[in-house]
Every structure is written in C-alpha cells, then in structure tokens.
Amino acid sequence: MPKYFVKTWGCQMNVLDGDKIASLLEELGYEKADKLEDANVILLNTCSVREGPEDKVFAELSRLKKLKKKNLEILGVAGCVAQQEKNAVFERAPYVDIVMGPRSLSHLPALLRQARDQRAMETSDKEDSLLFPPEILRRSHPTKASVTVMEGCNKRCSYCIVPETRGREVCRPIGSILEEISVAVERGYSEIELLGQNVNCWKHGNEDFTDLLDKVSSVAGVKRLKFMTSHPKHFPLEAAKLMAERENICNFLHLPLQAGSSRILKLMRRQYDRKFYTDLVAGIKAAVPGIVLSTDIIVAFPSETEDEFEESLECLLEIRFDSVFSFRYSPRPGTPAAEMEPVPEIVARERHQRLMALQLGIQTHDHARFVGNTVEVLVEGVSKRGGQYMGRIPETIVVNFTSDKALKVNSCHRVEIQKSHPHSLEGRLADGA
Ligand code: SAH
Ligand code: SF4
Ligand code: F3S
C-alpha cells in the first residue's frame, strides 16, 4: 500500500483539518507512514499566523527536497500558508506538487490525480470543509472529538492574517452539527469540542450560540462539552449561566484578551476596551463559580509603551488566568499593523520574558489550591515521562497520576491531588476510596 504523512502546525482548526486530510488519504487506500522518509505522499498542513511558523514550513520544504529523489512521489502544501501564498509556494519551492487551501479539502482526490502529471492548485474561498462527511473522519485525539461549527472570520483585527486565509464566516446548520456529534458519541467519544475562529458568533436562523450549547449539551452521551475560541465582544452571560447549570458543559473558557491597554486594543481593532473585558470576566466568574480561564496575549504590538505593556501584566494579576498563550507581535504582510512603528526586538523579547515569568508565578501559586482535593480525570494515555497515567479535569488542567489498577483510555476516575506544578497536577487514583 502507498504511504502518506501529514504534518500539521497551527490552531485546533488546522489540527482537525489534518485529521480530515489523513482520512481522505485513507479512503483512497493510503496507509499512514511512521516517518516522513517512508511516505509516498507528504502534505504539510501549515499555519501563517506569525512569521515563525511560516518560516518553519519553508525550512521543512527544503529538507524534504532530497526525499523527492527517493520514494516521495507527491509533496503538497495545505493550510493557511497555501491559501496566503498560492503560486508563490511553487516559486519558492518548485518541487512542490500540490497547493491546497483550507477551504478546498474536498478537492484532494482530484488534486492528487492531477499532480501525477502537472502541478495542481486549489485555493478557492467558496468551498468549505463544513460539508466533510462525518462517517469517514478518523480522529487522532484519544478522547476528544472536535467539531467545526463555523469557518472563517469576519473581524478585521489589524494584526491578523486569519480572515485572509480562512475567508468570511460561514456557520454550519445545527442539524449537521448534531449529526456529526451523534456519530462521534456512537464511536465512543464522550468529550466534544465545538470549534470556530469566533465560536460564540455562531448563529443560524433564529438560533444563537447559547441555543447551540443548549442543544449539544442535551445530546445523550456527551459527558464533557467544550468550545473555542470565544471572542470577548460577543460572549453572552446567558451562555455563562448555562455553563453553570449544565453539569456536562466544562467550566473552562478560552477568552483572548490580546492586550491590557485600551489604546492598544483600539489600534488592534478588537472592539472592546480593558474595562469591558474585565467587567465581562467579573460577570462570568460570578455566574460560573470556579471557572478556569485561559487567554492569548500579544506582547509589543506596534507603538506599545512600557506603561501600556504593564497594563497587560496588571490584567494577568487581576484576572489570574490558568494559562496564557503569549506571542511577540509578528508583522503579517498586507495587514494594517504591519505599517505601524514596530517596538524594537530587544524590548519585545524582554517584555515577553517578563510576562511569561509573571504568569509562571501565578500558575505555580494558584495550582496549589488543588492539593488535597479529589478531582475527576478523563484518561488520555500514559504520562510523558511514563509510569503514570495522564488525563484532564473538566476544566482542562492536566493531571498525571499513579494507579495500581490498569486503566482504559477514555475512562473517568477519581484522583487525589498530592502535588501541583505550574502546568499540571499530580496525584494517585482514589476510585473506591
Ligand atoms: N480567533 C481567535 C484566535 C486567532 S489566532 C481570536 O480572535 O482570539 C490565535 C492567536 O494568535 C491570537 O489570539 C493572537 O493572540 C495571536 N496572533 C494573531 N496574529 C498575530 C500576530 N500578527 N502576531 C502575534 N500574534 C498573533
Ligand atoms: Fe484574527 Fe481577530 Fe479574527 Fe481572531 S477575531 S481570527 S484575531 S481577525
Ligand atoms: Fe494558523 Fe490558520 Fe489556524 S493561520 S492559527 S492555522 S487559522
């Protein structure tokens, strides 16, 4: 059997697209290769949100060039770099055979046929992967089934390339969302994650995001329901109330702040200011006691002053997120922010270090609250270092724990927490105790 390898960078949406690409290849009779070197078909499923990930793609392509003289027949670039660069991918790497954008996944079989004779490209922004047949989707995550509820983004944050690569918003009808979830539950997935660039902007007919949460959480067999990413401008308190009411909606929310300074937020075109965000979080915390929050922060956006940067630090101290994905600002071609005055790199690096150090301290301190508690853990596998099981509490924090009994992946257990770390908790099985 011919073999394939799909290598994915980027967000959860892209990870799901990677699973979709792999599923299509398996339908066509390809078998997964253990390593790149063994593959006859390689697809790089790429991300262009910052310069770093984009550079990695072209570095990887030059490494793969030599495999083309061996058993590698078809080399493709998929994902957001493909959509953004289009023909320029062939110009920079002439040995690439396929360029396929994120909204053109269904074209893969045709592209593969065409690529046997000539270069093949599909980067239409009309298609959407919302129509992907759920029966053929093979998911790589051991416990979680991610389900796309909307594609694309209608915002125009001044730094962001995503609206360019993922196109305008398209929301999926509720019937087809529920159908995919039923298939996933039947296959044993008890954890469902709804995905969208701005998942809480989902609407269809008269129904909005809160209605969607209501219906999905009512599907029999859904034990843990999560969703991401939520845009602060559109997060309804009714959704927070529903989270509190429904046992199976996880008390976890990823809510990107981006910056603490209202002037910077305005330059970013985020459509909210610091007060709006902190008031929203206060409302959500009041509605959902014990909610665990995570966020994204961009450090050193063009023209950010020291005082404005410190406002981001103040927000971290005030809100106390459980995790923060922080990035140094990276100029993206064609975006308005790329024309603005950059913060010197050395200043940006230093600010980023300080922000990460502060957040590490917050997590070290706050995770200690779990020690001595018994929590519910869904097992995902064995821990990275081995010898322990690894799983997550409903609020997504990782727990590594010991157990005398053999445990199954995708089973739920009570675990007593004995130790805490900034990025995880540690304990022992407490079932039956
Ligand atoms: N739709 C989501 C996230 C999209 S991209 C939202 O609006 O929040 C994921 C994260 O990458 C963003 O939240 C942002 O923090 C970061 N990001 C996007 N563009 C960036 C850029 N040009 N430089 C640095 N970070 C960026
Ligand atoms: Fe990018 Fe803003 Fe859209 Fe998020 S909301 S994907 S940051 S443009
Ligand atoms: Fe990257 Fe595209 Fe996701 S740019 S973050 S893979 S939407």
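Helices (H or I, at least four residues) and strands (E, at least two) are taken here as DSSP runs, numbered from the N terminus.

I am working with a predicted model, in which local features need pLDDT of at least 70 and side-chain atom pairs count only at pLDDT 80 or more, while totals for chains, interfaces and linings use all residues. Residues are numbered from 1 along each chain as its sequence is written, chains are lettered from A and ligands numbered from 1 in the order in which they are written, and side-chain values use heavy atoms, with hydrogens and water left out.

Entry 1: I looked up Gln258 and found it in the loop between strand S14 (252-254) and helix H10 (262-268). Its phi is near 75 degrees, a positive value in a residue other than glycine. Gln258 counts as buried because its relative accessibility is 8%, where buried means under 20% relative accessible area, exposed over 50% and partly exposed in between (1.4 Å probe, protein chains only).

I then noted Ser303, also not a glycine, with a positive phi of about 75 degrees. Ser303 sits in the loop between strand S15 (292-299) and helix H12 (306-319). With a relative accessible area of 29%, Ser303 is partly exposed.

For the peptide bonds, I wrote down that the one from Met228 to Thr229 is cis, with omega near 5 degrees. Thr229 belongs to the loop between strand S13 (224-228) and H9.

**Entry 2: the cores.** I next looked up the nonpolar cores, a core being a set of buried Ala, Val, Leu, Ile, Met, Phe, Trp, Tyr and Cys residues joined through side-chain atoms within 4.5 Å. The largest has 65 residues, and Ile181, Ile192, Leu194, Leu212, Leu213, Phe227 and Phe235 touch the most other members. A second, separate core has 26 residues, including Ile21, Leu25, Val41 and Leu111.

Not counting residues up to four places away in sequence, Ile192 touches Ala145, Val147, Ile181, Ala184, Val185, Val222, Arg224, Leu225 and Lys226; contact means heavy atoms within 4.5 Å.

**Entry 3: H7 against H8.** How do the axes of helix H7 and helix H8 cross? The axes of H7 (residues 174-186) and H8 (residues 209-217) come within 11 Å and cross at roughly 30 degrees. Axes are lines fitted to C-alpha atoms, for helices over the stretch in contact, and angles run from 0 to 180 degrees between N-to-C directions. I noted the crossing of H7 and H8 as right-handed, that is, with the near helix turned clockwise from the far one by less than a right angle, anticlockwise being left-handed. H7 contributes Ile174, Ile177, Leu178 and Ile181 to the contact, and H8 contributes Leu212, Lys215 and Val216. By class, the contact has six nonpolar, no polar and one charged residues. Ala, Val, Leu, Ile, Met, Phe, Trp, Tyr, Cys and Pro count as nonpolar, Asp, Glu, Lys and Arg as charged, and the others, Gly among them, as polar.

**Entry 4: ligand shells.** Which residues are around ligand 3? I found Cys11, Asn14, Cys47, Ser48, Val49, Cys80, Arg166 and Gln197, a residue being near a molecule if one of its heavy atoms lies within 4 Å of it. This shell has four nonpolar, three polar and one charged residues.

I followed up Ser48, in the loop between strand S3 (41-46) and helix H2 (51-64). Ser48 counts as buried, at 1% relative accessibility. Beyond four places in sequence, Ser48 touches Glu54, Cys80, Val81, Gln84, Ile161, Thr165 and Arg332.

Around ligand 2 I listed Cys153, Lys155, Cys157, Tyr159, Cys160, Val162, Pro163, Gln197, Asn198, His231 and Arg270. They divide into six nonpolar, three polar and two charged.

Entry 5: Tyr329 lies in the loop between strand S16 (323-328) and helix H13 (345-367). Is Tyr329 buried or exposed? Tyr329 counts as buried, at 14% relative accessibility. Its C-alpha atom is 5.3 Å from that of Phe301, 28 residues apart along the chain.

Last, I looked up Ile98, in strand S5 (residues 98-100). Ile98 is buried, with a relative accessible area of 1%. Ile98 and Leu75 are 23 residues apart in sequence and 6.5 Å apart in space, C-alpha to C-alpha.
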